[in-house]
Amino acid sequence: MIPSIHKRGSETIGLIRYLYGPGTEEEHIDPHLVAAFDPLTPDPGCDPEATYEQLQRLLDQPVNALPVGKRPEEHVWHLSVRAAPEDPVLSDEDWAAIARRMVATTGIAPDGDERACRWAAVRHADDHIHIVATLVRDDGRRPRLHNEARRAQAECRRIEIDYGLRRVPAGDGTAAKRPTSAERHKAKRQGKDRASREELRETVRRAVAGATSEEEFFDRLAEAGLLIRKRVAPSGDLLGYKVALPDDRNKDDEPVFYAGSTLAPDLSLPRIRERWALPTEAVASANGTDPEQPALPPVTGPAFARRRATAATWHALLLIDDSDDGTAAAQIAAAGEVLDALAKTSAAHTRAGLREAAFAFERASRSHVKAVRGHDRALRQAARDLVHSGPALGRGEDGATTAMLIDMVFFLAIASANWHAKKHHSQQAAAARQAAEHLRSAYPAAAAESMLVLRQRGHRLAPRVRQRQADLLHRVLPELAEQVQAEAGWPALAATLDDVQKAGHAPATLLIEAAHRRELDTADSISDVLVWRLRRSAHLPVLPESPHDTSARGNRRTLSSEPTAQAATSAVTDSSRRR
């Protein structure tokens, strides 16, 4: 159950007419009162003799009793309470009891207070009610409404338990502001999937991903086609910014601007600057002046950027498990940048799923645990590499490395969910799990070609080689062997184990590490997960060539034209080991 306190107004009659009217999309059905401050309150929805004006005068009477100069300009308080789609339809009596609980907990009409504010609850749909109140008590004083939104949320959590409704995760005040009802209806009229507020939030987050300066950030916003309005102090210092969509106009045909802080708490200019503030040692390494920090090889294409991002994601997983809260929070926040960058540069057949994953993970990237910036440099650099490497193809090496990165980010989302759950961050944990499900759905399309090539190579292995890999699997992972061999990806894993051995590594050692460093219970295909982990840890080409592999050779870039996979991961590995 979701309570929403709307912007205060100055005309009671206007809100009453809207609540009893047909609605902007003819969606209001049978509007009527379910409860009010006085049982004899006139109901224009049921009594043909009652009028909107009568209800308005009754609610406004304490306001109009004050001298003109002492009346509040915005005296109309409006709260809507909405049940989840899967909840049972509540009766009018249930909604009346819920309305009384809400006005009591918010301070509009505390229990037993006979001189409280006047209010009325209107129902015009099965799943929600609207409560309108006037903010002058019968004794002429103002109500105490401190933290009424938080108190309303807490009361809804109790109502969910009492009525057996869907349990909504409790919030902590760090969520981005939801679009208003007017913003949602406006988007629907314009044929848009999302409100302008949500579209701007996504665009600004993509502009932030991997950016290292204000100039780069604002250049990206301009390249995305946003209108930008900067707030500058008399001294010339930049204080903040606002953005608008060119086609989002108000009634005066002026652009509707949103400040960064109103899009999300971490998109204000001061909070964005925190991402660029690195510790001294990080600044040195970023500038190439740290003698112990090897220079990162240049990114030469989307595939190489994805290999390096996979390595950074793997080490972020280890840091979330083993580091202090500030470092873990920084890794989770930076993971959001990687997801934003990946969605921005992905091929068309995976873009929608990755966009939904990034949209969901946005909520998981913030909590009251302060992120210690600087420790997230590897992930932020990975996001930057993804952006600067440009759009990826959906096939060949680009497609294979995209699948490998999606697989790794999936486990990062699961690790984030588990970390938030331990901290009792209910909304963030739920958001991270939702992002993981979107990644799970996006993976098959990204991995189809590369896994087909690897499975074909596995089927062409000599029988004695296939048996040797099966014996190795049963010896090293006896509890998983039968399940893995029954999966469609087993031939790809057998081919990868053969590649590991040919590359001079110990397959048993790497297989044990791949299976036990992170959990496998959440994987749809254990063999796929082991393939990507083995190819990453053994520094193998993600989509190898062989004399028989001709299906995608013409469509993919040869490995010799890019730095090796080992070069893509070694610098990240060395940096993480020193930390």
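User: Hi! What pLDDT does the protein chain average?

Analyst: Hello! The average is 87, and 89% of the residues score at least 70; pLDDT is the predictor's confidence in each residue, from 0 to 100. This is a predicted model, where local features need pLDDT of at least 70 and side-chain atom pairs count only at pLDDT 80 or more, while totals for chains, interfaces and linings use all residues. Residues are numbered from 1 along each chain as its sequence is written, and side-chain values use heavy atoms, leaving out hydrogens and water.

User: Where is the pLDDT below 50?

Analyst: Residues 280-291 are one such stretch, with 10 contacts beyond near neighbours in sequence (contact means heavy atoms within 4.5 Å). Residues 546-579 also fall below 50, and that stretch has 69 such contacts in the model.

User: Thanks! Changing topic: in what order do the five strands of the open sheet run?

Analyst: The order is β1-β3-β5-β4-β2, with antiparallel pairing. Strands (E, at least two residues) are DSSP runs, numbered from the N terminus, and two strands pair if DSSP finds at least two bridges between them.

User: Which strands stand at the edges?

Analyst: β1 (2-5) and β2 (32-36) do; each has a single partner strand, so one side of each is left without a neighbour in the sheet.

User: And how many bridges join β4 and β5?

Analyst: Five, linking residues 119-125 of β4 with 128-134 of β5 in the antiparallel sense. Within that pair, V122 stands opposite H130 in β5.

Methods:
Helix = DSSP H or I, 4+ residues; strand = E, 2+ residues; numbered from the N terminus.
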